[in-house]
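Here are a few exercises to work through with the sequence and the 3D view side by side. Try each task before you read its solution.

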Amino acid sequence: MTLSFAPASSDTLPLHIVDKDSFDTWREAQSDATRSWLDATGFKPAVGATALIPGTDGTPVMALAGYGDAKARARGRFPLAAAAKSLPEGTYHLTSDLPAGDLETECLGWLLSAYAFDRYAKQSGAKARLTCPKGVDAARVEAIANAEALTRDLINTPAADMGPDALEAACRDLAETFDATVAVTTGEALLDNNLPMIHAVGRAAAKAPRLIDMHWGDTGPKLTLVGKGVCFDTGGLNLKPGGSMALMKKDMGGAATVLGLARMIMALNLPLQLRVLIPAVENAVSGNAFRPGDILTSRKGLTVEINNTDAEGRLVLADALALADEDTPDTIISMATLTGAARVAVGPDLSPFYTDDNATAAALAKAATNVSDPVWRMPFWEPYEKMIEPGIADLDNAPSGGFAGSITAALFLRRFVDNARYTHFDIYGWNPASAPARPKGGVGMGARALLDALPDMLGL
């Protein structure tokens, strides 16, 4: 599925956006026939409300899209996309300024409203198409929309069709599109190349674990993205109950999101050197599965006591982060569906992130507001370091007690980065209920905020 603006054409219907503050003034400026029609149909300019205004021959001559008020808009995202879903199939062009908000973001929402995951059953999103309004960078908006569609497709695909091998294939397809290079270390070769924790987590699965390493660009600052690619998580020998396993196809949401961000970066040809590292594994159960009580030695040399095999994401990320750090990039960003504690803290809609760099945090906060991709800073809280130090090994992968689970996981990951600025995102990767431009299912989180913040973060 390709998400795009409609080509400019004379065969489009004018679309006027009206909010609660401007509607009465706009209505009074219309013809008697238009006012009568609006009164008869009971149109109110709420978010998602639409109306078609007929001409003398009964065919529509204008469409209206409600935009609500500031309070209503604050309770959701992409209010214009709600109208896209309500309007009948056709092509529209905007004839009015946006009453509030960012037009580029609203246009992105319109494009995303057309997304549907249709690999296994016929599905369709909004069928109302929009021509690109004046002043909006069509290529940029389309690049972001199609990158988000990639992320959603990868997350929505079940593990039978999105195992480590299929995730590798998706990386190779993306690399081929943008002339990037990919190297993959698979199976026993992980041990030969000192990636032991990736091997330990994935060795029990039928499909071999692997480390995917993609490079693009040869000038500018060096950015490395690391995405958790656990294609399915049974919990290992600490087996999850069935209810907790139901959504575990999305446990590669970090990998899917960094691939979406990478697609944005490459499509927009940003002046930087990009590296993407994805440890792709399935946390399965068999006779050679890693066990509670095992002590693993990481790539960095730090030893890790396994107190719960269901805390596997931080293990595979740790080896990938250590590898990333050896290259001394300017910035390392990891993204992972890592902890339930993050969902308890901020719910499914916010992307919590960790960084020691205040400038990075400020850039992300500003960008998140600019592009309606909310993030929330969480602390690398030093006093909790002792919680991840079990004594028998350097680190504990699953501290007991149940407190501060997202923070202790982030502190664990930070132990593997010494040479670069580091930012970690603990995302959910799933939209539990449909909303404008965000259908129920896999969703990218934090990628658009990062894209908008990169110029400040890297001095682009």
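**Exercise 1.** Among contacts between residues at least 6 apart in sequence, what percentage join residues at least 24 apart?

*Solution.* Keep in mind that this is a predicted model. Begin with the contacts in the chain whose partners are at least 6 apart in sequence; 77% of these join residues at least 24 apart. As for the elements that make up the fold, the chain has 16 helices and 19 strands.

**Exercise 2.** Compare the radius of gyration of the chain with that of a compact globule.

*Solution.* Start from the length: for 460 residues, a compact globule would have a radius of gyration near 23 Å. The chain has 24 Å, so the two agree. Next, take the extents: the C-alpha trace spans about 80 × 45 × 45 Å along its principal axes. Then turn to burial, where under 20% relative accessible area counts as buried: 55% of the 460 residues qualify. Finally, the accessible surface comes to about 18,400 Å², and carbon and sulfur atoms account for 50% of it.

**Exercise 3.** Find the largest cavity and describe its lining by class.

*Solution.* First, count: there is one cavity of 30 Å³ or more. The largest cavity holds about 80 Å³ of space. Second, locate the lining, which includes Arg 77, Phe 78, Glu 148, Arg 152, Asp 373, Ala 447 and Arg 448. Helix 6 (138-156) and helix 16 (447-458) each supply at least two of the lining residues. Third, sort by class: the lining has six charged, four nonpolar and two polar residues.

Terms used: Residues numbered from 1 in each chain as written. Predicted model: local features only at pLDDT ≥ 70, side-chain atom pairs only at ≥ 80, totals over all residues. Heavy atoms only, no water. 1 Å grid on protein atoms, 1.4 Å probe; cavity = no way out; pocket = protein on both sides within 12 Å on 5 of 7 lines; lining within 4 Å. Points joined across faces, edges and corners; volume = space filled by probe spheres on them. Helix = DSSP H or I, 4+ residues; strand = E, 2+ residues; numbered from the N terminus. Nonpolar A, V, L, I, M, F, W, Y, C, P; charged D, E, K, R; others polar. Rg over C-alpha atoms; globule rule 2.2 N^0.38 Å. Buried < 20%, exposed > 50% of the residue type's maximum accessible area, 1.4 Å probe, protein only. Contact = heavy atoms within 4.5 Å. Areas by Shrake-Rupley, 256 points an atom, 1.4 Å probe, with all protein chains shown as cover.
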